[in-house]
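User: I'd like to go through this model with you and ask what stands behind each label. Could you start with the terms and then turn to the values?

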Amino acid sequence: MVKSTSKDAQDLFRSLHSAYSATPTNLKIIDMYVVFAVFTALIQVLYIQIVNLGWESIDLTLLLPGKFALGDAAGNYNCGLECLFRFYSYGLERQFDEELYKDFEQLSLDFYHKGNLYGLEKYWAFHHYRGQKEPIEKRPELEKLLNEEYRSIADFPNKGSHITSQKENKSQ
């Protein structure tokens with residue numbers, strides 16, 4: 001078996017660097033999107049692993065990425081926020097926690113008032129798919145929205161998706 005040396009590693013990195021330097025800019029932009037997609041997938045896997053551990057074994061300071069997601073959302077970058085809503089929805093389906101549920105309700109309502117339907121859609125999905133018979137008390141405003149305007153998943157795109165409403169807001 002042939003052993004690799006540090007010189008081999010340096011040569012490899014030099015050749016990768018020179019090949020990447022010769023790559024057209026538009027392909028480098030695609031690379032950035034791929035890196036972003038992989039990073040997003042890793043965040044989602046991390047959230048699911050946290051959920052699989054159970055709420056009682058989690059230090060709630062691990063939810064600090066939610067603060068970053070809110071900061072990004074203020075700049076109209078919603079990927080982190082969407083991950084946070086999925087974390088709430090799927091995590092609460094798996095193991096209900098009253099405090100997290102109240103945070104989920106508040107955040108869904110806040111972003112609904114800003115014209116972003118994604119949180120409300122995940123809130124609807126949580127109540128629709130959780131498969132448990134005992135009812136969970138909803139905030140009156142959310143209860144009204146789910147009973148009158150958003151009774152099924154098909155009602156969400158008809159009201160204008162969160163992406164469309166943000167693009168319209170930017171163009172005005």
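Predicted model: local features only at pLDDT ≥ 70, side-chain atom pairs only at ≥ 80, totals over all residues.

Analyst: Happy to! Buried means under 20% relative accessible area, exposed means over 50%, and partly exposed lies in between, with a 1.4 Å probe and protein chains only. Residues are numbered from 1 along each chain as its sequence is written, and side-chain values use heavy atoms, leaving out hydrogens and water.

User: How many helices and strands are there in the protein chain?

Analyst: Nine helices and zero strands. Both are DSSP runs numbered from the N terminus: helices are H or I with at least four residues, strands E with at least two.

User: What makes the largest nonpolar core a core, and which residues have the most contacts inside it?

Analyst: A nonpolar core is a set of buried Ala, Val, Leu, Ile, Met, Phe, Trp, Tyr and Cys residues joined through side-chain atoms within 4.5 Å. The largest one here has 28 residues, and those with the most contacts inside it include Phe85, Phe104 and Leu145. Helices H4 (79-94), H5 (98-113), H6 (118-129) and H7 (140-148) each supply at least two residues of this core. Taking contact as heavy atoms within 4.5 Å, Leu145 touches Leu109, Tyr112, Leu120 and Tyr150, leaving aside neighbours within four places in sequence.

User: Why is the pair of Phe85 and Phe104 called tilted?

Analyst: Rings of Phe, Tyr and Trp (its six-membered ring) pair if their centres lie within 6.5 Å; planes under 30 degrees apart count as stacked, over 60 as edge-to-face and the rest as tilted. The structure holds 14 aromatic pairs. In this one the centres are 6.4 Å apart and the planes at 50°, so the pair is tilted. Phe85 lies in helix H4 and Phe104 in helix H5, 19 residues apart.

User: How do you know that the charged end of Lys114 sits over the ring of Phe111?

Analyst: The rule asks for NZ of Lys or CZ of Arg within 6 Å of the ring centre and within 35 degrees of the ring normal. The charged end of Lys114 is 4.5 Å from the centre of the Phe111 ring and sits over it.
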